[in-house]
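Hi,

Here is the model I promised to send over.

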Amino acid sequence: MTSPSPSTKEGKVERSALTYLRAWGESPVPPTIAATLITSLHARPPQFLPLLFPPVLLASSFLNLYDYTTDAAGISAAWSGLYVLLARRRRPEHMMQRFGTRGLVRGAAMGVGTVNLVAGGWVYATGKRREDENVG
């Protein structure tokens, strides 16, 4: 009896949840999306504390493009987690504020930040740096 292979009948390889998590954490796109959503929420009227997050998230995307994927994942995980903690403090008073345009963008920013936190944390915890590969 043969063991079941990870491929389906069509020849496509099945991917596990950890593979999707690693792909999300190693991609430079999610921190850029989070930076865009955070900027759109806090640029008008200017709120200076939340506006500290987009430059750092864009810098982590820049590091990711220069093949520092593990370090970039750690930076984006840490700063996305800090943003989610900061954004959770605000509670909309009325139900309409939660489901208006700003509420939906805020929910999307917090959702992307949470996934960045989990995926980037996973990549940082299990990833290898370039210096580790060169050592004996």
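**Helix packing**

H2 and H6 are roughly antiparallel to each other, because an angle over 145 degrees counts as roughly antiparallel (under 35 is roughly parallel, 65 to 115 roughly perpendicular and the rest oblique). Their axes come within 9 Å and cross at roughly 150 degrees. The crossing of H2 and H6 is left-handed, meaning that the near helix is turned anticlockwise from the far one by less than a right angle (clockwise would be right-handed). On the H2 side the contact uses Pro30, Pro31, Ile33, Ala34, Leu37, Ser40 and Leu41, and on the H6 side Arg102, Val105, Arg106, Ala108, Ala109, Val112 and Asn116; contact here is heavy atoms within 4.5 Å. Sorted by class, that makes ten nonpolar, two polar and two charged residues.

Before I go on, some housekeeping. This is a predicted model, where local features need pLDDT of at least 70 and side-chain atom pairs count only at pLDDT 80 or more, while totals for chains, interfaces and linings use all residues. Residues are numbered from 1 along each chain as its sequence is written, and side-chain values use heavy atoms, with hydrogens and water left out.

Helices (H or I, at least four residues) and strands (E, at least two) are DSSP runs, numbered from the N terminus. Axes are lines fitted to C-alpha atoms, for helices over the stretch in contact, and angles run from 0 to 180 degrees between N-to-C directions. Nonpolar covers Ala, Val, Leu, Ile, Met, Phe, Trp, Tyr, Cys and Pro; charged covers Asp, Glu, Lys and Arg; the others, Gly among them, are polar.

H2 also packs on H3, at an angle of about 165 degrees and with the axes 8 Å apart, so H2 and H3 are roughly antiparallel to each other. H2 passes H3 in a left-handed crossing. Pro31, Thr32, Ala34, Ala35, Ile38 and Thr39 of H2 touch Phe53, Pro54, Leu57, Leu58, Ser60 and Ser61 of H3. This contact has eight nonpolar, four polar and no charged residues.

H3 (residues 53-65) in turn packs with H4 at about 160 degrees, with axes 8 Å apart, so H3 and H4 are roughly antiparallel to each other. H3 passes H4 in a left-handed crossing too. Among the residues that meet are Phe53, Val56 and Leu57 in H3, and Ile75, Trp79 and Tyr83 in H4. The contact of H3 with H4 divides into ten nonpolar, five polar and no charged residues.

**Two spots in the loops**

Arg44 and Pro45 are joined by a cis peptide bond, with omega about -10 degrees. Pro45 sits in the loop between H2 and H3. In the loop between H3 and H4, Asp67 has a positive phi of about 70 degrees although it is not a glycine.

**Pocket and cavity**

On a 1 Å grid over the protein atoms alone, a cavity is a set of points where a 1.4 Å probe fits but cannot get out, and a pocket is an open set with protein on both sides within 12 Å along at least five of seven lines; lining residues have an atom within 4 Å of a point. Grid points are joined across faces, edges and corners, and a volume is the space filled by probe spheres set on the points.

The largest pocket has a volume of about 310 Å³. It is lined by 14 residues, and the closest to its centre are His42, Gln47, Arg90, Arg102 and Arg106. H2 (29-42), H4 (69-88) and H6 (101-126) each supply at least two residues of that lining, which has six nonpolar, four polar and four charged residues.

There is one cavity of 30 Å³ or more. Trp24, Gly25, Ser27, Pro30, Pro31, Ser76, Asn116 and Gly120 line the largest cavity, and helix H1 (17-26), H2 and H6 each give two or more residues to this lining. The cavity lining divides into three nonpolar, five polar and no charged residues.

Cheers
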